[in-house]
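Have the viewer open as you read.

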2 protein chains.
Amino acid sequence: MSDVGHTVRSYDDELRALSDRISDMGRLAEKQVLGAVSALVNHDAELAAQVIADDHEMDRMERDAEAAAVDVIARRGPVAIDLREIMASVRIAGILERVGDHAKNIAKRAAAIAPEQPPIRISSSLQSIGRLASSQLNLVLRAYTDRDAAVALEVWRNDGEIDRRYTSLFRELLTYMMEDSRSITPSTHVLFCAKNIERVGDHATNIAEIVHFLVTGDPPEGERPKADESSSAG
Amino acid sequence: MSDVGHTVRSYDDELRALSDRISDMGRLAEKQVLGAVSALVNHDAELAAQVIADDHEMDRMERDAEAAAVDVIARRGPVAIDLREIMASVRIAGILERVGDHAKNIAKRAAAIAPEQPPIRISSSLQSIGRLASSQLNLVLRAYTDRDAAVALEVWRNDGEIDRRYTSLFRELLTYMMEDSRSITPSTHVLFCAKNIERVGDHATNIAEIVHFLVTGDPPEGERPKADESSSAG
């Protein structure tokens, strides 16, 4: 919101309503990621099915957010900061919809490998990286709601930790696959799930960049902390 | 463009310039995908490095396209079809930037596994699915340029073929990994590359949906042909 406020009260309300849509999407995205990882780790096919079903809600919310944004643009002809706000909300809605897709992908694999037991060490690493990714989502949505560039920067800096854990998980899984060929199929699915979680972290970082730019007019300073070394791992 | 044309000539020019930016991005995206797959299949580390370097250009083009769109919105206050056109261009630019990311990811793995020789059968399947994905990109950009809903629908329907080939490649790779544990590390990288190519196909389909909606006002009819069964494969 701009500092001076708008003379037409309902325009402010419209902008706030748009912002609220994004927060709602953020909450659902966080819930979907936690649900998907929980379904995977606990072999919970029912929860997996629920996450898959709820992804339609996420898609609907994105379409509605974009339609609302277009409607405000068409009727109000916003400029400067308001237009930047609206475009940011459209971009964040698009990113959250993709986070939802990653959760759905994890849930699909959870449903597929439900009867097989992955090693418990992996479960614990998966849960911990999943919690980290969803807490990044939570934090960046708070940064968005409060228009807080410092919190956005914190999210942006945290991403390296998710990437490091992903790389370590990747190496661990390859080791299991080499030790026991029966673990190859389930491990491959877990590998894709881990990659999906790592991507959720990337998306949180992308949102952090948008929020930082929205508040300060500048991108976060310095090179993005990129620590996923798995492309060259092994 | 609307049928009646605009009285202010430079407005039309601006809309056309925005559309041209998308076409330029599309051409680069297609080149990046072909380059990445070629680098992977031919163990060409130099080409891989080139694709990785060129991704910055893709990112820059997306930022410029969005800035140009925001500029047109702020100055012209477009409504109805023009606003729909502009929002579509922003969304397509975002998708093409992600296609570029997939190409970069493939190129990074190509650089990592360059010294190792994957079985030639996989190379041929990879090349063929890569060509299919980039021809889908080419076709959907043509649909966009010509505002041709029928061509968009063709792209949308073709995606099932990419998914089928991906699933078959996925199963083939798992078999190799089980037969020979030394192939696990390179096969895992190839698996991720194949997944990246499959995602490029999805993105072409997403663009097809946007173009179809832009031209007809409706999404393509029927359920999207989704044939990636690899989540439950093996």
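How many salt bridges are there over all chains? The count comes to 32. Keep in mind that this is a predicted model, and that the count takes a salt bridge to be a Lys or Arg side-chain nitrogen within 4 Å of an Asp or Glu carboxyl oxygen.

A:D13 and A:R16 both belong to helix α1 (residues 9-41) of chain A, three residues apart, or about one turn of the helix. Their side chains meet in a salt bridge, with N to O at 3.5 Å. Are these two buried or exposed? A:D13 counts as partly exposed because its relative accessibility is 35%, and A:R16 counts as partly exposed too, at 34%.

Now for a pair that links two helices of chain A. A:K31 and A:D54 form a salt bridge, and their closest N and O atoms are 3.8 Å apart. A:D54 sits in helix α2 (residues 45-76) of chain A while A:K31 sits in helix α1 of chain A, so this pair ties together parts that are 23 residues apart in sequence. A:D54 has a relative accessibility of 18% and therefore counts as buried, since the cut-off for that is under 20%.

Next, go from one chain to the other. B:E66 and A:R91 meet through their side chains in a salt bridge of 3.4 Å, N to O. The pair crosses between chains: B:E66 is in helix α2 (residues 45-76) of chain B, and A:R91 is in helix α3 (residues 80-113) of chain A. B:E66 is buried, with a relative accessible area of 14%, whereas A:R91 is partly exposed at 35%. Back within chain A, salt bridges that share partners join A:E14, A:D71, A:R75 and A:R76 into one network.

On to helix packing. The axes of α3(A) and helix α6 (residues 184-216) of chain A come within 9 Å and cross at roughly 170°. The two helices are therefore roughly antiparallel to each other. As for what lines up between them, the contact of α3(A) with α6(A) has 19 nonpolar, six polar and six charged residues.

Finish with helix α5 (residues 149-179) of chain B. Its 31 residues should span 45 Å at 1.5 Å a residue, and the end C-alpha atoms are 46 Å apart, which agrees.

Note on methods
Residues numbered from 1 in each chain as written. Chains lettered and ligands numbered in written order. Predicted model: local features only at pLDDT ≥ 70, side-chain atom pairs only at ≥ 80, totals over all residues. Heavy atoms only, no water. Helix = DSSP H or I, 4+ residues; strand = E, 2+ residues; numbered from the N terminus. Expected span 1.5 Å × (residues − 1). Buried < 20%, exposed > 50% of the residue type's maximum accessible area, 1.4 Å probe, protein only. Axes fitted to C-alpha atoms, helices over the stretch in contact; angles between N-to-C directions. Parallel < 35°, antiparallel > 145°, perpendicular 65-115°, else oblique. Nonpolar A, V, L, I, M, F, W, Y, C, P; charged D, E, K, R; others polar.
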